[in-house]
Amino acid sequence: MYLVGLTGGIGSGKSTVAARFAERGAEVIDADAIAREVVEPGGPALPALVERFGEGILQDDGRLDRRALAAVAFADDRSRADLDRLTHPHVAGRIASRIAEIGGREGARADQIVVVDHPLLIETQQTARFDAVVAVLAPRDVRLARLCENRGLDRADVEARMRAQVDDAARRAAATHLIDNSADLDDLNDQVDAIYEDLCQAARAATT
């Protein structure tokens with residue numbers, strides 16, 4: 001298979017790009033979805049998070065209150081590092097298992113495009129494991145408008161999450177392909193389609 005890392009800052013439109021890759025035929029693994037799995041009740045990360053950050057991060061039904069966790073975990077660098085330490089290994093392990101499962105399916109193709117949609121791909125220093133890295137970029141004010149004005153998220157929370165991520169200069173340096181998501185959906189889809197064709201060609205070339 002041909003492994004592609006997909007990354008971008010919060011509000012960049014990375015999930016829309018991932019959906020388009022899936023429409024074109026890529027297998028997509030969603031790291032955010034896996035991150036939610038590992039903190040579910042009974043999940044491997046939740047007990048350690050409660051021990052580190054307290055029971056105030058739980059809802060009345062015992063499920064994680066993600067806003068409450070963000071309020072304490074993004075308060076300072078040490079807390080954020082602890083959050084990463086307690087969750088990232090579980091997420092990475094499940095991503096590896098999903099990749100292995102795709103590769104082990106009957107009829108699996110050597111040139112299959114597998115996209116790992118991961119917002120912290122660069123921050124967790126995982127880019128070297130991928131055959132290609134696609135970074136989705138958008139201006140900070142556009143991202144803020146999408147998240148705060150259109151989706152009603154708390155501006156302080158969004159800005160804290162932005163500070164916890166690398167900037168677009170780091171994404172440009174790490175990426176093999178760049179997507180500018182500052183225009184409309186048609187423009188975005190055109191860029192994704194062109195990159196997908198390029199990835200397919202590279203995948204076929206790698207198997208010959």
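The buried residues of helix H4 are covered by elements that include helix H3 (46-53), helix H5 (77-103) and helix H7 (155-164). The model described here is predicted. H4 spans residues 66-73, and its buried residues are Leu 69, Ala 70 and Ala 73. Viewed down the axis of H4, these buried residues fall within an arc of 100°, so they line one face of the helix. The N-terminal end of H4 is capped by Asp 65, a side-chain oxygen of which lies 3.2 Å from the backbone nitrogen of Arg 67.

Helix H5, one of the elements covering the buried residues of H4, contains His 90. Leaving aside residues up to four places away in sequence, His 90 touches Val 38, Pro 44 and Ala 45.

The model contains 1 aromatic pair. Phe 21 and Tyr 196 form this pair, which is tilted, with 6.2 Å centre to centre and 50° between the planes. The pair links distant parts of the chain, 175 residues apart, with Phe 21 in helix H1 (residues 14-24) and Tyr 196 in helix H9 (residues 185-206). Both Phe 21 and Tyr 196 are buried.

Strand S5 comprises residues 177-180, with His 177 and Ile 179 on a covered face and Leu 178 and Asp 180 on an uncovered one. In a regular strand the side chains alternate between the two faces of the sheet. S5 pairs with strand S4 (residues 132-137) in the parallel sense, over 4 bridges. Within this pairing, Leu 178 of S5 stands opposite Ala 135.

The distances given above are collected below.

| Atoms or groups | Distance |
|---|---|
| Asp 65 side-chain oxygen and Arg 67 backbone nitrogen | 3.2 Å |
| Phe 21 and Tyr 196, centre to centre | 6.2 Å |

Terms used
Residues are numbered from 1 along each chain as its sequence is written. This is a predicted model: local features need pLDDT of at least 70, side-chain atom pairs count only at pLDDT 80 or more; totals for chains, interfaces and linings use all residues. Side-chain values use heavy atoms; hydrogens and water are left out. Buried means under 20% relative accessible area, exposed over 50%, partly exposed in between (1.4 Å probe, protein chains only). Helices (H or I, at least four residues) and strands (E, at least two) are DSSP runs, numbered from the N terminus. The arc is that of the directions from the helix axis to the C-beta atoms. Contact means heavy atoms within 4.5 Å. A polar contact is a pair of N or O atoms within 3.5 Å; within protein, one must be able to donate a hydrogen and the other to accept it, and residues adjacent in sequence count only if both atoms are side-chain atoms. Rings of Phe, Tyr and Trp (its six-membered ring) pair if their centres lie within 6.5 Å; planes under 30 degrees apart count as stacked, over 60 as edge-to-face and the rest as tilted. Two strands pair if DSSP finds at least two bridges between them.
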